[in-house]
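Dear colleague,

I am passing on the structure that follows, together with some notes on what was found in it. Please read the notes with the structure open beside them.

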Amino acid sequence: GRASKDKDPADGAPDKRKLLEQISTELNAAMRSGDRQRIRGLMQKRDEIASQLNDRASGSTAGTTAAAEATDERAKSKGRGRPKAKPKPKAKPQPKAEENEANSEQSNGGQQQEESPHDGAGDDAGGGDGGDAESAARLKKLKETGHLDLGDLRKASATTYNGKKMINIREYYAKDGKELPGKKGISLSPGQWKVLKNGMKQLSNALKDEQTKELKLGDMRFAQVKEFKGRWYVDVREFYSTGEEEDANKSPTKKGIFLRPAEFEVLCEHARALDAELEDLET
């Protein structure tokens, strides 16, 4: 015959628990009646049944634990030989704003712009025609306000003074939401302006080639291409004579203005528009 299977350690446990509940009921009745002999007998029987239940529970737990361990071992054996997943690389931290600024300074060599004759204003601030759109915007503003915006609060305009027409090239300053004319600047007569217009190409070429150039406008007024602290400008200024030969012995006055290359190019580009404004003036 075939060998019989081993019984599960948990078989018969419900009957034992039911018997244990019955013994507990009888034990409570014996305690109430005070039957000591019956109490001792019931307690002994209760302890025996409880011990049997504990042993069966331990066997079942052990079997469950062994089965779990066997399952874990099979899972481990299946996982052997498989390559481990590589950990994902950590995201590179983004540099802080201070670090970005430091890197920017290092990439630029840490150089700072030298001070220009414009109280430290940038070399290209507001300069250049910036294309047709910007050029058209300047012409529109010139017609609306009478001022040609050269950039960085530099303006050129056609105006009158004591009944005389002139071209005024001046630096402005902002106050209380308004732009007011400053001390830096010069007013050119129509004749001086015409000489400057005719010589603009020569001055512009000298500026690009970084070569000195002087153009006499008349009445001790000059337009000079010169270098100042490593930068080149067009200086339109009035001089005064310090000797018999006024052109050879002259010193600059405060009446004048330094124009950056970009500002001078805007003046050259829109010179004809300023002429039209000058012609329309009533004296």
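How many helices and strands does the secondary structure of the protein chain come to? The chain has eight helices and eight strands, where helices (H or I, at least four residues) and strands (E, at least two) are DSSP runs, numbered from the N terminus.

Please keep in mind that this is a predicted model, in which local features need pLDDT of at least 70 and side-chain atom pairs count only at pLDDT 80 or more, while totals for chains, interfaces and linings use all residues. Residues are numbered from 1 along each chain as its sequence is written, and side-chain values use heavy atoms, with hydrogens and water left out.

Of the 283 residues of the protein chain, 28% count as buried, meaning under 20% relative accessible area, as against exposed at over 50% and partly exposed in between (1.4 Å probe, protein chains only).

The rest concerns helix H4. Its 14 residues, 132-145, should span 20 Å at 1.5 Å a residue, and the end C-alpha atoms are 20 Å apart, which agrees; the expected span is 1.5 Å times one less than the number of residues. Within H4, Ser135, Arg138 and Leu142 are buried. These three cover an arc of only 60° around the axis, which puts them on the same side of H4, the arc being that of the directions from the helix axis to the C-beta atoms. On the other side of H4, Asp132, Ala133, Lys140, Lys143 and Glu144 are exposed. Just after H4, Gly146 takes a positive phi of about 85°.

Best regards
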